[in-house]
Amino acid sequence: MDEAHTVVEFLLEDLELMLEKASSPCSMPVKENQVMISLFENLKIIKSFLERTRESPFDQRQLHFFLVTEIREVLLKILQSVDPYEINALTKNGGISGMETGSLFKSYPELALQAKQIELFKNVILEIPHDALRSSMESNEVAEVSGEVSSITKSSSSIQLEEDKMVGFDDEAITLLDRLTGDQKQLEVISLVGMAGIGKTTLAKRLYNDPRVVYHFHVRGWACLAEGQKVKNVLYNLLSSVILDNASLHKMTNQEMGDKLYEYLKGKRYFIVLDAIWGSFIWNSWLKQYLPDDNTGSKILVTCRMQNVVIEISAPVSIHNLQFLGQIESWNLFVSKVFAHNESCPRELMELGSEIVGRSKGLPLAIVVLAGVAKKDKTPEWWTYIVQNIGSCIHGEEGQFIDILASSYEHLPNHLKSCFLHIASFPQNYEIPVKKLVWSWIAEGFIKDTREEKLEDVAEDYLRDLVDRSLVVVSKRRSNGGIKTCYIHDLLRYLCFKKGKDSKLLWPICRYRQLSLFSPSHPTLYNYFFACAAENKLIHCRKKQEPTSECFHSYSFHHVQSNHVNITHLSIYLDEQKSLVYKLLRVLDLEYIILENFPMEILQLVHLKYLALRIFCLRYLSLLSNFWNLETFILCTEKASVTLQQDIWKLVKLRHLHISSELEFEDAGLSSSSPLMLYNLQTISEVCPSGGSFQNILARMPNLIRMGLHLTLSNNAKDFEFPDLSSLNSLKRLKFEYQTLGVIKFCLPQPSKFPPNLKKLTLVGSHLDWKEMSVIAMLPNLEILQIKDNFFSGPLWEGSDKEFCHLKFLKLSHINLQQWIASSSSFPCLEQLVLNGCLDLEEIPSSFRENCTLDRIEVYRSSQSALDSARQIRESQKYMGNDKLKVIIHPYFKEN
């Protein structure tokens, strides 16, 4: 997205708000109203044009850039007129009225002229023939079809399969060799999947040249299907590798070469490697029909970076996902590349070498690149330089690997490129919470609105696509199998910065220093932040461990003395040269900066859609109505509770509200005769469910999907009654955390008072009797249940028949349960059981031995008897013929 496109989007948002306020006939003069409506419609046409030409062929991009240059100045002038009016109205009056909108034209008479200029640009755009603006996708499809008749280069006339020295993947190699040379007669397609540089091709070469493979197969062939390869090239290369006489191949058509390949392989046991396949088109349309299946035991090995591609080609059991190398394998590969055969690493270089290898994160390509740098000078001084300048060393050797990594990026669909580059705004070695990643993608406008799915679901589909393409690594998964946290390898992160810099997507623009908040004698902490401006509109602040010399002073941080404690304050100076950066901000993440008070300067950022703050001590929160575009608000504070004042109800676009402390609502906000509804709100956390107005609050959030309830009660508090949540039909995830400062207890309500479609329930920290569990057992749609910190307390949990009919995941964490008795008819759908910190549990119910749906039991820091019973269940399942059940034991226990 370029700057003009961003400004158009912001202007459309501004005008939409003003037109809503000007809906009554008397609120704005007819002339000004008509000008604004016309401007709104013309901007929509211009936005559509910019989207269509942004990724078009080269000659059309020239047209795009020319018109953007002309339009940009007019757009900025309009924005500089509209924004101050909005800020003034929102700050002083708490809203925008139609009369104020009308006065905008009186204060800025040139606004009507600028609107006329926009109309002229619109007319020029409409005169451009529609078929001249083909999308890049259409152009690529034409190129792909026409490219099939392209000439074959001389370099492709022979296949070189010199085997690289292979270190690592020994277990995978043994497994694959057994599979390749096994007794199965039917043709099988085996796939190796992993990110660029992980060693797929090297492993394939090792298998291709292994003596067992050479002896077992009558014919072996190899072809590369890398991006840009045409059908004719692939068939030519494959035939060249299996037959000796290839002199006449270049004269053949695709059909003739395919027929010749089929005839040559017919009746033989062959082994074909299809390396670096990018898509299934060539396989489905050409190759598949020319590879005969004669039940001779033939095998096809495919290497690919994308999971979704190999799923179309291979059966799931035939897909092998290559993981990063372990520490020992990484070290052995490094040593083999740096030192000659039979030469070991000198003692004085061991520690430095280990640190270099550690920075590679187990990626073979990174190890080889760094080994090449280390090999140039095997001295402590040089290796120390490498450790201290890993980035520079990689940059100096980028010719060895950057093209390999870049091909994965270039092959991404346009809608995934910005999403991928955005991931680099998170710190190195940081496990990225998927919730925050998805919310910021949505705020940035990276997610296409399909009208059929929620934006959050579409965003998670985008993330899964990046994972399938081996560009993003899953760190942790949710209880339902979804992705909880993720990260990208350091080399891919480097690629993101390189590509982001080229496209001006990511650039460092600020730096600050914060002194210790706790002790004046504490050493000074330097925290460096990247403010990643995506098309000049994203600031995403994160801690950096290493200083950077590149600094744009868009932000100024200064220190003041307050009660002999140094506090960092945030100041934003909106001078004319840099004001555009702030006007176009959509995401402002200050969660890792500790602020003393709410930063008033950010009230001018009316286009923010994502705001995250960490305020050390905050009791009341107001002034949010300025952020009328806000979709996500995150607040971290040390206060036990935070009260949101009544202007929160004006944030009608709010989708996610996450507060770290107990969240209360000001009663005054509920007194309006026509209260605003937060129809878009999907997530709210840590809200306090006490007080008579809570049911009214829930009524104003009818479409909640996730909710966290947090309650702290002491002995002198009034009796607490669990709220009635039955009206929340969309609520699927509920977390209830209950802390008592005494011996207060309460009872759970009847199942009918729970959300009717609840699928996930987390209960934390109370002392209810296990008998109360019968209420939870009757919830009709519950699939995931987590019980933590003795929410249910006592030595005995005895269930009854036919409980938890749809439960798939059960986690018991840090509970004092001793005896657990369950009926054989309970938990009929349970797939995963997790025990964490169950130190007193005698055993897992023996009825689980007959549970045919159970496929995973995890035991962490629990009793030895619980661990033994998990093993007994596994053995019983094996005896019954079920080999799928896995028992995962935490390293806290040593296996016998």
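This is a predicted model: local features need pLDDT of at least 70, side-chain atom pairs count only at pLDDT 80 or more; totals for chains, interfaces and linings use all residues.
**A friendly walk through the sheets and helix contacts**

1. Axes here are lines fitted to C-alpha atoms, for helices over the stretch in contact, and angles run from 0 to 180 degrees between N-to-C directions. Helices (H or I, at least four residues) and strands (E, at least two) are DSSP runs, numbered from the N terminus.

2. Residues are numbered from 1 along each chain as its sequence is written, and side-chain values use heavy atoms, with hydrogens and water left out.

3. A crossing is left-handed if the near helix is turned anticlockwise from the far one by less than a right angle, and right-handed if clockwise. On the H14 side the contact (heavy atoms within 4.5 Å) is made by Ser 330, Leu 333, Phe 334, Lys 337 and Val 338. H16 brings Pro 364, Ile 367, Val 368, Leu 370, Ala 371, Ala 374 and Lys 375. By class, the contact of H14 with H16 has nine nonpolar, one polar and two charged residues. In this scheme Ala, Val, Leu, Ile, Met, Phe, Trp, Tyr, Cys and Pro count as nonpolar, Asp, Glu, Lys and Arg as charged, and the others, Gly among them, as polar.

4. H14 also meets helix H15: their axes come within 10 Å and cross at roughly 110 degrees. H14 and H15 are therefore roughly perpendicular to each other, and their crossing is right-handed. Ser 330, Trp 331 and Phe 334 of H14 touch Met 350, Gly 353, Ser 354, Ile 356 and Val 357 of H15. Five nonpolar and three polar residues make up the contact of H14 with H15, with no charged ones.

5. H15 (residues 347–358) has another partner in helix H17 (residues 380–388), with axes that come within 9 Å and cross at roughly 20 degrees. H15 and H17 are therefore roughly parallel to each other, and H15 passes H17 in a left-handed crossing. From H15 the contact takes Glu 348, Leu 349, Leu 352, Gly 353, Glu 355 and Ile 356, and from H17 Pro 380, Trp 383, Thr 384, Ile 386 and Val 387. Seven of these residues are nonpolar, two polar and two charged.

6. Now for the sheets. Five strands form an open sheet in the order E2-E3-E4-E1-E5, with parallel pairing; two strands pair if DSSP finds at least two bridges between them. Strand E2 (219–224) and strand E5 (319–321) stand at the edges with a single partner strand each, so one side of each is left without a neighbour in the sheet. From one strand to the next the twist averages 15 degrees. Strand E3 (residues 270–277) and strand E4 (residues 299–304) share five bridges, and Leu 274 has Val 302 in E4 as its bridge partner.

7. Which strands does helix H8 touch as it packs on this sheet? H8 (residues 200–209) touches strand E1 (188–193), E2, E3 and E4, and its direction makes about 165 degrees with that of E2. Helix H10 (residues 231–242) packs on the sheet too, touching E2 and E3, at about 150 degrees to the direction of E2.

8. An open sheet of three strands has the order E6-E8-E7 and antiparallel pairing. E6 and E7 are its edge strands, each with a single partner, so one side of each is left without a neighbour in the sheet. Two bridges join E6 (residues 432–433) to E8 (residues 483–487), and Ile 432 has Cys 486 as its bridge partner in E8. Strand E7 (residues 473–477) pairs with E8 over four bridges; Val 473 stands opposite Tyr 487, and Val 474 stands opposite Cys 486. Five residues lie between the strands in the hairpin of E7 and E8, where Gly 481 takes a positive phi near 95 degrees.

9. Lastly, the whole structure holds 19 salt bridges, each a side-chain nitrogen of Lys or Arg within 4 Å of a carboxyl oxygen of Asp or Glu. One joins Glu 460 and Arg 464 (3.9 Å, N to O). Both residues lie in helix H22 (residues 455–468), four residues apart, about one turn of the helix.

Key
Angles under 35 degrees count as roughly parallel, over 145 as roughly antiparallel, 65 to 115 as roughly perpendicular and the rest as oblique.
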